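Welcome, and please load the model in your viewer. We will go from stop to stop, selecting a few side chains at a time.

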Amino acid sequence: MPQLDISTYSSQVFWLVITFVALYFLLWKIALPKVGEVLSQRTGKVDQDLTSASNLKQEAEKILADYEARLAEAKSDAQSVMKKAGDEIAAEAAKQNDVLTAKLEKQMQAAEARIVEAKNDAMANVAEIAGEAVSAAGSKLLGADLSDKEIKAAIKSSLEGGA
């Protein structure tokens, strides 16, 4: 093998050094700056994306906080509207209850008046019927007719005194 021939070592080492130095300068001047530029662009892009993401996250948190504040305000407003509506309904119900109570009170007073009137009519009829019964019983039992004055006095004393 020619690589292992000792007589060609010096020329092989010479060309190795020249090739190594040429490759070193090519990489140092052309390839590595391009790789470094790409890496710095990527680093800049990643930093920019991270900054943008951080800003968007802060903005989203701010929007969420604003949303929650508005939602709480809307709930509070809804509760106050419902409370106001409930108070209005309760006031209207109380008003209608008062009107109905007054109407029922008037009807009750009218009914009580009719009951008193019916009782008085019944008592007058009882007195009249009792007078007829006493007159008929007196004529049959005593064999004598009693005067209206005596009958009315007996009925009156009976109704008043319970005797």
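A salt bridge here is a side-chain nitrogen of Lys or Arg within 4 Å of a carboxyl oxygen of Asp or Glu. The model you have open is predicted, and by this rule it has three salt bridges.

Start by selecting Lys-83 and Asp-87. They form a salt bridge, with 3.4 Å between the closest N and O atoms. Because the two residues are four apart in helix α1, about one helical turn separates them. Colour by accessibility and you will find Lys-83 exposed, at a relative accessible area of 55%, while Asp-87 is partly exposed at 43%.

Next, select Arg-70 and Asp-66. This salt bridge has its closest N and O atoms 3.6 Å apart. Both residues belong to helix α1, again four residues apart, or about one turn. Arg-70 is exposed, with a relative accessible area of 58%; Asp-66 is partly exposed, at 37%.

Now move to Asp-49 and Lys-45, another salt-bridged pair, whose closest N and O atoms are 3.8 Å apart. Asp-49 is partly exposed at 39% relative accessibility, and Lys-45 is partly exposed at 46%.

For the last stop, pick Glu-92, which lies in helix α1, spanning residues 9–141. Finally, draw a distance from the C-alpha atom of Glu-92 to that of Ser-135: the residues are 43 apart along the chain, and the atoms are separated by 64 Å.

Definitions and conventions
Residues numbered from 1 in each chain as written. Predicted model: local features only at pLDDT ≥ 70, side-chain atom pairs only at ≥ 80, totals over all residues. Heavy atoms only, no water. Buried < 20%, exposed > 50% of the residue type's maximum accessible area, 1.4 Å probe, protein only.
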